[in-house]
Amino acid sequence: MPLQSGGSIRDYSLAFETYGALNADRSNAVLICHALNASHHVAGVYAGQDKSEGWWDNMIGPGKPVDTDRFFVIGVNNLGSCFGSTGPRDINPDTGRVYGADFPVVTVEDWVSAQARLLDALGINQLAAVMGGSLGGMQALSWTLQFPDRVHHAVVIASAPNLTAENIAFNEVARRAIVTDPDFHAGHFYEHGVLPKRGLRIARMVGHITYLSDDVMNEKFGRTLKAPTLPASRGSLPPEGAHPPGGDPAAGGAIRDYLYTTQDVEFQIESYLRYQGDKFSEYFDANTYLLITRALDYFDPARRFGGDLSAALAKATSQFLVVSFTTDWRFSPKRSREIVRALVDNRRDVSYAEIDAPHGHDAFLLDDPRYMGVVRSYFEGIAAERPSPGVAPETTRAGAAP
Amino acid sequence: MSDALIQQSIARLVPKGARVLDLGCGDGALLDLLQRERGCSGYGVELDDANVQACVQRGVNVIQLNLDEGLTMFGDQSFDVVLQIDTLQHLRNAEVMLRETARVGRLGIVAFPNFAHWPNRLSVLLGRMPVTRRLPYQWYDTPNIRVGTHADFSDLAGKNSLRILDAFGLQEGREVRWLPNLRAGTAVFKFERG
């Protein structure tokens, strides 16, 4: 497959899962595009595996806003990712060696092209809808530009028409953390039998900060100190009449003195970020992180139109639902409004919901009745336009069960 | 926000096939009516979450915006008609929005409760703010923060160089063209940029 960079990739495979049944005229397919660290496993659980819910299981499933009793839902893992589709950990057929840093730079457009080939293989010509949040929303938007005749509806959530300088800056901090990890070995760490976990941890910590709002972080962690653990605790009691250093004074009781340490975990937020970083570094591929953040950086459909997004979106003929969250500062409502404005300029059908949720960028993965409600209503409208699949087997293929 | 009779009356003012922007579109019922019966297209603008979902539910394009933040989303003269039906009285920046309505639409149609309707006058004469079917709120919790009359709007339109193409009242679903400032509960104006 030719790539936007001028390079190409061959002998690649895509991991995917499907849920629900395709209807007789093959008009009820919904493609779900994932963001940075997610996969094709969007809904359901794997039999016999605890905590194996799909990453958008609250949104997609039988009777859920994207109802798999009505729609044939497809989750696909993108090229260059590390959850089953061909990525940097796989063997480069041209060299016989693991790709590592030699994996070609892929773009949002390349992912969409690969997804289109998957649909070809599944015998699906047109999608009832393509849907995604964040980077997934960029893919949904790109679908309407690359294959306007193949998409009836695009649902673009917590996304943006391109990254701001600040967005790119955060990505660059994450990439530098990985690349400067001595275990990175210029991206060929697999051969050295090591993983650049330190870099991945810091990349993930930076990412997590940008997913949350200031308010939610304060509410969740505030200035609460980490509960004393064995090595950290010095067993000292607070002096008589001491005020708690922060958090909720009414919580009382557990007031402890600072540790006066520069390197140990002192605050709860530090503990949380370290935990998230540790967990992430165990399963995520460092080269994948570089590739996916770069795909984010490069996405900019208006670039070839002198920055004129309205001109860029003139090609899009599908109907749109755009959703943003008021406290999302990573992809703020302002960015979603740019998309809406460009669609309005082109007289396209678009609805826009700006959900006043407190959770920042993460809100797109969380339950909010207003958010879930508007997506549900939108998909009910799509379902009403097309024949139902009849008696649908609940879920199929990749072993997801309700 | 408007009842079925007001909607029918307003719909008759909108040219067939018009591209419409409905500011404060509520649950989308009027736009739905315009799309089904008059072949119109366009968007509603609404702030309330439940109304936004109601619009999506009935297949009306809706854009969730706070009108007090302006209409920068929309280009000059980009709609045939801009509607403000029972919206103006809720807006902090009512005058700015009136100018914006005339900027964005070739035609503006505004309807709002006429506080000079005779029962309201009688109520105030008796020393009480009116509470009626059209104005069902107590003075201390009313969302109607702009209290104006049919006659007042004519003055405001003049001040903003709007050319009034039609002006009348609505009462019990009928057009009131004789003494509308006294005899109609709802004031209706159709105008364009002067």
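**Figure 1. A:Y260, an exposed tyrosine of chain A.** At a relative accessible area of 63%, A:Y260 is exposed (buried means under 20% relative accessible area, exposed over 50%, partly exposed in between, with a 1.4 Å probe and protein chains only). You will find A:Y260 in the loop between α5 (214-220) and α6 (268-283) of chain A; helices (H or I, at least four residues) and strands (E, at least two) are DSSP runs, numbered from the N terminus. Phi of A:Y260 is near 50°, a positive value in a residue other than glycine. Please keep in mind that this is a predicted model, where local features need pLDDT of at least 70, side-chain atom pairs count only at pLDDT 80 or more, and totals for chains, interfaces and linings use all residues. Residues are numbered from 1 along each chain as its sequence is written, chains are lettered from A and ligands numbered from 1 in the order in which they are written, and side-chain values use heavy atoms, leaving out hydrogens and water.

Figure 2. Rings of Phe, Tyr and Trp (its six-membered ring) pair if their centres lie within 6.5 Å; planes under 30 degrees apart count as stacked, over 60 as edge-to-face and the rest as tilted. Over all chains, the structure holds 26 aromatic pairs. A:Y258 is partly exposed, at a relative accessible area of 28%. B:F74 and B:F79 also form an edge-to-face pair, at 5.8 Å centre to centre and 70° between the planes. Here B:F74 is buried at 1% relative accessible area, and B:F79 is buried at 2%.

**Figure 3. An aromatic cluster and two arginines over rings in chain A.** One aromatic cluster is made up of A:F83, A:F280, A:Y283, A:F284 and A:Y289. Elsewhere in this legend, look for charges over rings (NZ of Lys or CZ of Arg within 6 Å of the ring centre and within 35 degrees of the ring normal). A:R294 lies over the face of A:Y298, 5.5 Å from the ring centre. The charged end of A:R330 sits over the ring of A:F331, at 5.9 Å from its centre.

**Figure 4. Salt bridges in chain A.** A:D57 and A:K64 meet at 3.4 Å, N to O; A:D57 is buried at 18% relative accessibility, whereas A:K64 is partly exposed at 24%. A:R198 bridges to A:D183, with the closest N and O atoms 3.0 Å apart. A:R198 lies in helix α4 (residues 197-211) and A:D183 in the loop between α3 (165-179) and α4, so this pair ties together parts that are 15 residues apart in sequence.

Figure 5. The side chains of B:E192 and B:R163 form a salt bridge at 2.5 Å, N to O. B:E192 belongs to strand β8 (residues 186-193) and B:R163 to strand β6 (residues 162-171), so the pair ties together parts 29 residues apart in sequence. Both partners are partly exposed: B:E192 at 23% and B:R163 at 42%. In chain A, salt bridges that share partners join A:E172, A:R175, A:R294 and A:D297 into one network.

Technical notes:
A salt bridge is a side-chain nitrogen of Lys or Arg within 4 Å of a carboxyl oxygen of Asp or Glu.
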